[in-house]
Amino acid sequence: MRDGTGGGAMIGRLAALNEEHQQSPWLDNLRRGWLTGGELDQWVQRGIRGLTSNPSIFQKAIESSDDYDEQFGDLVRGGDSVDSAYWQLVTSDILGALNALSPVHDASSGTDGFVSVEVDPALAHDTDATVCAARELHESIARPNLMVKIPGTAEGLPAIKQMIAEGRSINVTLIFSVARYEHVAEAYVSGLEDRAAAGETDLRGIASVASFFVSRTDTEVDRRLDAVGTQSALALRGRTAVAQAQAAYGRFAEIFSGPRWEALEALGAQCQRPLWASTSTKNPAYPDTLYVDELIGPRTVNTMPDDTLAAFCDHGKLRRTVDADQAAARYVLDAVASHGIDLDDVAATLEAQGVAAFAKSFDELLVSLESKADALV
């Protein structure tokens, strides 16, 4: 069944990721029509175990259909500001997705079935405002399978630690380097330790994922390798993103083991799973399931746009790959560095671009909604 096509293959491959390889496939998309038309329920039946969203996803969903017009019109005619109306549109979709994934959350004893919603991306470099926004989202939606997304910026790290210490589940987004991944994992572990030190000795119910962005790294590194232009540089194209994610997984295995972690695990703590994000292939010369096939392994999540999910269900490869050859991953990263590619600079560039892109989507959607509100009122 897994090697065929159609619905049977779809069920087989997604189920096998979880049952045979302990990786959770999540859906990186959401729109109102999927909730009202039952498509999200169908994805869950096929084996999807969680869902992620971001401002760009909501911009596309709201601007590309009239599914939101009735609710939006009622809100603005009732006196709500455009900003308030936007968050109510988002909350309605998130609540619908939370309902759809709730059975998965229950069946997995709280380790899966999560739905992620992101704080205002304009707050990415404001620790205190991020804490307030994340806390407000958690308290206003108040569902056990909600994860609030906080960017893994330097300013986001204290906010992540604080939210974990308060017992709130967090999806850390926009991670582009192994070094920043280590800082994110430390924020999670130390947040749990702070909670335990405050007398909260039952750490069950707190979950987190560290969203390590993949394909964008190849886009930027390949651009720099093209500029180098030598045969050895060009031979490295399309290899950095997977190698870096595999290296991060190696650090994950080290961080979430040993006495320090075992003390928290004894209190019911869940490990913070690496989540592979930005897994659609940007370069058409690369296999369309590259960033799924090469990052399969236990205690991980891969969140995929629906097109990538469909491609994996059709012809993805089911085998443990994420830690199959750590030496090869290190070789690639060393070889890239030897050609003058500074991966820390790549990460800083991509983080800035990612924050800016989400903020742009957020701002453009609000402008669009302002125009629509003017017409309605």
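This is a predicted model: local features need pLDDT of at least 70, side-chain atom pairs count only at pLDDT 80 or more; totals for chains, interfaces and linings use all residues.

Biologist: Nice. How many aromatic pairs are there by the ring-centre rule?

Modeller: The count comes to nine aromatic pairs. Take Y86 and W87: their ring centres are 5.1 Å apart and the planes are at 75°, so this pair is edge-to-face.

Biologist: Are Y86 and W87 buried or exposed?

Modeller: Both Y86 and W87 are buried. F212 and W276 make another pair, with centres 6.2 Å apart and planes at 80°, so they too are edge-to-face. F212 lies in strand β6 and W276 in strand β7, so the pair ties together parts 64 residues apart in sequence. Both F212 and W276 are buried.

Biologist: Which residues form an aromatic cluster?

Modeller: Y188, Y249, F252, F256 and W261 form one.

Biologist: Switching to pockets, how much space lies in the largest one?

Modeller: About 510 Å³. Of its 26 lining residues, D28, N54, I57, S280 and P305 are the closest to the centre. Elements giving two or more residues to that lining include β6 and β7.

Biologist: What is the lining like by class?

Modeller: The largest pocket has six nonpolar, 12 polar and eight charged lining residues.

Biologist: And what volume does the second largest pocket have?

Modeller: About 270 Å³. It is lined by 13 residues, and W87 is one of those nearest its centre. Helix α7 gives the most to this lining, with five residues.

Key:
Residues are numbered from 1 along each chain as its sequence is written. Side-chain values use heavy atoms; hydrogens and water are left out. On a 1 Å grid over the protein atoms alone, a cavity is a set of points where a 1.4 Å probe fits but cannot get out, and a pocket is an open set with protein on both sides within 12 Å along at least five of seven lines; lining residues have an atom within 4 Å of a point. Grid points are joined across faces, edges and corners, and a volume is the space filled by probe spheres set on the points. Helices (H or I, at least four residues) and strands (E, at least two) are DSSP runs, numbered from the N terminus. Ala, Val, Leu, Ile, Met, Phe, Trp, Tyr, Cys and Pro count as nonpolar, Asp, Glu, Lys and Arg as charged, and the others, Gly among them, as polar. Rings of Phe, Tyr and Trp (its six-membered ring) pair if their centres lie within 6.5 Å; planes under 30 degrees apart count as stacked, over 60 as edge-to-face and the rest as tilted. Buried means under 20% relative accessible area, exposed over 50%, partly exposed in between (1.4 Å probe, protein chains only).
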